[in-house]
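Hi,

Here is the structure I said I would pass on.

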Amino acid sequence: MDLGEINPILLVASLMVAATPLLLAAIGELVVEKAGVLNLGVEGMMIVGAISGFAISVETGSPWLGFIAAAVGGAVLSLLFVLLTQVALANQVASGLALTLFGLGFSALMGQSYVGVKPPSMGDIHIPVISDIPVIGPILFQHDPILYVGIALTAAVWATLKYTRIGLILRAVGENHDAAHALGYKVIKIRIMAILFGGACAGLGGAYISLIRVPQWTEGMTAGVGWIALALVVFASWKPWRALLGAYLFGGITVLQLNLQAAGVAIPVEYLAMSPYIITILVLVILSADKSSAPAALGRTFHASH
Amino acid sequence: MIVLEKRPQPSKAWSYATPLVAVLATMVFGGILFAILGKNPIEAIGTIFWEPLFGEFAFYYRPQLLVKGAPLVLIAIGLSLGFRAGIWNIGAEGQYIMGAIFGAGAGLAFYPLEAWYIFPVMVIAGAFGGWLWAIIPAFLKVRFGTNEILVSLMLVYVAEQMLASVSLGLLKNPEGFGFPGSRNLQQYDSAHNAELIAGSGMHWGVVTALIAVIFAYVLLNRHMLGFHIRLTGEAPRAAKFAGVNPARLILFCLGLSGALAGLAGMFEVSGPSGVVSIDFNVGYGFTAIIVAFLGRLHPVGILLAGGLMALTYIGGEIAQSQLGLPAAAIQVFQGMLLFFLLAFDLLTNYRIRAAHSEVA
């Protein structure tokens, strides 16, 4: 065992990479839940995003096109959720599960010919001057562009929810859909937009895993990240910046346990590997006492009788 | 313009018809999927649904139907009780794994002793393992209000790591030449969950699944607790006034579904599988969710749905070897089934009408 081999700068830098898929998926789901919809299909949308992004970037050679395809793939899958919950008025919990089960199977089917293929690399941005600052430079300013997209998205969602009219309407729909409907807002339409946005974000998060974090395609490679993202939304009390904080916390745990595995700590690998999941449970326990910030209409089906 | 009108009462006819319509729709769209994959759709669908029952080698496949159906039915029965009351146990896969680990562990602790009481001890240990894994989310929900969906699911990943750990360590076969995996319980007579009638596929797990179906039916229709479960799901406010204790219900539903999933895992590891190994679990815990919904959360329905799902598993394997259909295609096929089921359920609760313009 040699803990000295763990480089703290590299650790923090890779923490940000590990956190990004979580952040992207969680921010998307946060918007969905703010609109009063509980989509448990995040894992399914992520894995479909992972394979569609991977396939397109391998075929075209462009990781950018891959990420666009991933967002589209995630959104298309979430369209199925829209059909089930907003059009057919099905139970949201069951529909989300269906989405995940279907997504896992579908991605495995699509990905058969991509096992063992290496995707084109996106390359890191090196911002002149500031990326050369010691310590801070390598930690903050030498990453791939999508990582910054994730942070920008967090800021955008925060600002939109807090300061804009559309954000206010979205929150109204999530708090009390009957009142929002009575005011003349199109509840279903707004929810559909939110779900599609959530799907696109989850797709991006999935592609980040298959194109940048790993980068490779293996069946079921998201390994519960989508579910952790769902827990993260609860952890964040539906606040974007706290989702960022939470994502970095979980990213940190993931990276740390991987580093400890590599350093050959006396704890068996299996116990280290289960730690992110156990910590998720612990965090949920600590934070679930406070339910006051959850959108009031979360998970409830809306049907205008007239 | 078409509008939906909520039915005052769910339609009885449609509630029976939707699973059938969903299966038909899945066959059509599954056929399209198989055609896209370059297979003859009619041949593929035929292979999946006809071959295991009436094909040339049906004598071999029919017993397999019981072997695959039993764990699905056993798990789905447990899940359906919770689902009815709005208690979502999504982690049956983890409980199934823990049941197998506990059951096999209890049996192997006696090795090489041969005694009549070993198998019953394993059954109890298996049920306990699954119960233990499900009571964690139940307790956390009751005590702290933690979301049981997320906790039970997280525990699946923890259980998978446990499985890897014991098959490489604690339960590893000391005579296994260093390969991962436990001793084969099929070669240990006292612990072997053997077929009750040779060649029939009938083992203790199948018997237990049938008992569970009867038990659940009686519970739901003839017992106060079953009434409370249904009441909580259909009218939560009324349930509150009727004095239903939600904490007790959560502990009961999650605990029972965990114990049944644990039993399923235990019967599987001591019978058809035989070995605790890293890839022991094959997703029965998740497929059972589809089975529970397809069976309309009704015990008899689940029995039929479990049979159908077992059919797609076996038929899928045949299609895989004969037509080269990818294994994932069957997974997609099963996922589709749940989709169509949820979608067509609209017709049970709503009436579709052409809107007549009305002056307000």
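The buried residues of H11(A) are A:Pro240, A:Ala243, A:Leu244, A:Gly246, A:Ala247, A:Phe250, A:Gly251, A:Thr254, A:Val255 and A:Gln257. Buried here means that 20 or more other C-beta atoms, placed from the backbone, lie within 10 Å of the residue's own; 12 or fewer makes it exposed, and in between it is partly exposed. Those buried residues pack against helix H1 (8-34), helix H6 (145-163), H10 and H12 of chain A.

Before you go further: this is a predicted model, where local features need pLDDT of at least 70 and side-chain atom pairs count only at pLDDT 80 or more, while totals for chains, interfaces and linings use all residues. Residues are numbered from 1 along each chain as its sequence is written, and chains are lettered from A and ligands numbered from 1 in the order in which they are written. Helices are DSSP runs (H or I, at least four residues), numbered from the N terminus.

Back to H11(A), residues 240-263: its end C-alpha atoms are 34 Å apart, which agrees with the 34 Å that its 24 residues should span at 1.5 Å a residue (the expected span is 1.5 Å times one less than the number of residues). Just after this helix, A:Gly264 has a positive phi of about 75°.

Now for the two chains together. In total, 40 residues of chain A are in contact with 37 residues of chain B, contact meaning C-beta atoms within 7 Å. On the chain A side, helix H3 (63-87), helix H4 (92-110), helix H10 (225-235) and helix H12 (269-287) each supply at least two residues. H4(A) gives the largest share, twelve residues. That side divides into 30 nonpolar, eight polar and two charged residues. (Ala, Val, Leu, Ile, Met, Phe, Trp, Tyr, Cys and Pro count as nonpolar, Asp, Glu, Lys and Arg as charged, and the others, Gly among them, as polar.)

How do H12(A) and H7(B), residues 148-168, pack? Their angle is about 165°, with the axes 9 Å apart (axes are lines fitted to C-alpha atoms over the stretch in contact, and angles run from 0 to 180 degrees between N-to-C directions). The two helices are therefore roughly antiparallel, the word for angles over 145 degrees. Among the residues making this contact are A:Tyr277 and A:Ile281 of H12(A), and B:Met154 and B:Tyr157 of H7(B).

B:Arg296 is buried, with 20 other C-beta atoms within 10 Å.

Cheers

How values were computed:
Contact = placed C-beta atoms within 7 Å. Parallel < 35°, antiparallel > 145°, perpendicular 65-115°, else oblique.
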